[in-house]
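Trainee: I would like to learn how to read a model of a protein, one feature at a time. Could you take me through it slowly?

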Amino acid sequence: MRTSNGLKSFVVYFLLLAGSVVMLVPFAWMLSTSLKESFQVFEVPVRWIPSPVKWHNYVETFTGLPFGKWLGNTVIVTISTIVGTLLSCTVVAYGFARFRAKGKNLLFIVMLSTMMLPGTVTMIPVFYLFQSLGWMNTFYPLIAPAFFGNAFFIFLLRQFFMGIPTEMEEAAKIDGASTLGILIRVILPLTVPALITVAIFQFNGVWNDFMGPLLYLNKPELYTLALGINFFKSENNVQWNFLMAASVVTMLPSLIFYFIGQKYFVESITLTGQKG
C-alpha cells in the first residue's frame, strides 16, 4: 500500500515538475535574451547562458525610452482602478449577501449575465460614451469603470461574505454599530484574503492591459507600459535584446505582487462558498 501511494506521489510530482519546466521555458528565453548581444538572439542552438552577460542592455533600454514616464502612468492607472474596484465591489457584494429586498436575486442574475457579454460587444458604445464626455487622451476612461463594479469580483466577494456568520453582525448591531460601521470594522477585517485576491486579479488585468490604452491614449507621454513597449516595437527596427529587457522589468511587479499575496489568494479560493 505504501509503495502504491509512493508511486502515485512520484508520478504527480514528476508531472507537476515537467509542467513547471515547460511553463518556465519562455520566461527563461526572455531573461536570457535580455542579457545577450543582438546578434546572439537567434543563434542555433540556443545559447541559454549569455556570454558575455550584457547588463548594460537594461541601462540602454531605460535611457533610450521614456520608460519612467510609462511606468508612472501605469502605476497611476493600476492603483486607481484597484481602489475603485475594491470600494465598489465590496459595497455591492455586501448588499447582495446581507440585505433583504424584492428583486435582489433577479438583479444578481442580471448582473451575472453581463459576464457572458464579450468585451468587443460593448467596446464601441463605451468608446463613443467616453468620447462624448471629452475624455479622450485622459486616464478617466481607464479608471472610471472600476468605480462601477465588476460582476466577477462582486460574485466572489458575495460568496465570501455569505460564509461569515451573521451572529457577529448581530452582536455589532446590539452594540450600536451602523451598517457601514459593521462593514468596515467587522466584515472587512475578515475578508482580507478575498480582497487581496481581487486586488491581484485587477492588478494583472490593468498592468498588462493593451486594448484600453490603445483606444483612448494617442499621446506618447500618456502611454502605459504595454502600449509604450508595443509602440517601441512597431516604430523601430526591433532589437529583441532591448525589447526583452523591457518585458522582464514590466513583468516583475506582477510576479512580486502575486508571490506576496499568494497565501491570501489560496486561502480565499479555499474559503469562498463555505458557510459558517
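Predicted model: local features only at pLDDT ≥ 70, side-chain atom pairs only at ≥ 80, totals over all residues.

Trainee: How many salt bridges does the structure hold?

Mentor: Side chains of opposite charge can pair when their charged atoms come close. A salt bridge here is a side-chain nitrogen of Lys or Arg within 4 Å of a carboxyl oxygen of Asp or Glu, and the structure holds two of them. In one, the side chains of Glu 37 and Lys 54 meet at 3.5 Å, N to O. Glu 37 and Lys 54 both lie in the loop between α1 (2–33) and α2 (56–64), so the pair ties together parts that are 17 residues apart in sequence. Helices such as these are DSSP runs (H or I, at least four residues), numbered from the N terminus.

Trainee: Which residue forms a salt bridge with Arg 98?

Mentor: Arg 98 pairs with Glu 169, and their closest N and O atoms are 2.4 Å apart. Because Arg 98 lies in helix α3 and Glu 169 in helix α8 (residues 166–174), this pair ties together parts that are 71 residues apart in sequence.

Trainee: Are Arg 98 and Glu 169 buried or exposed?

Mentor: Buried means under 20% relative accessible area, exposed means over 50%, and partly exposed is in between, with a 1.4 Å probe and protein chains only. Both Arg 98 and Glu 169 are buried. In the other pair, Glu 37 is partly exposed at 24% relative accessibility, and Lys 54 is partly exposed at 26%.

Trainee: How much space lies in the largest pocket?

Mentor: Rolling a probe the size of a water molecule over the atoms shows where empty space is left. On a 1 Å grid over the protein atoms alone, where a 1.4 Å probe fits, a pocket is an open set of points with protein on both sides within 12 Å along at least five of seven lines, and lining residues have an atom within 4 Å of a point. The largest pocket holds about 1,200 Å³ of space. Of the 33 residues that line this pocket, the closest to its centre are Gly 119, Thr 122, Pro 145, Ala 146 and Asn 150. Helices that each supply at least two residues of the lining include α3 (67–98), α5 (119–132) and α10 (192–207).

Trainee: Which residues form the nonpolar patch on the surface?

Mentor: Such a patch joins residues with over 30% relative accessible area and no salt bridge, when their nonpolar side chains (Val, Leu, Ile, Met, Phe, Trp, Tyr) are within 5 Å. Here Leu 71, Val 75, Ile 79, Val 83, Leu 87, Phe 147 and Phe 148 form the patch, with about 670 Å² of accessible area together. Leu 71 sits in helix α3 and is partly exposed at 33% relative accessibility.

Trainee: What is the phi of Asn 137?

Mentor: Phi of Asn 137 is near 60 degrees, a positive value in a residue other than glycine. Asn 137 is found in the loop between α5 and α6, where its relative accessible area of 21% makes it partly exposed.

Conventions:
Residues numbered from 1 in each chain as written. Heavy atoms only, no water. Points joined across faces, edges and corners; volume = space filled by probe spheres on them. Patch = residues over 30% accessible without salt bridge, like charges linked within 9 Å, V, L, I, M, F, W, Y side chains within 5 Å. Areas by Shrake-Rupley, 256 points an atom, 1.4 Å probe, with all protein chains shown as cover.
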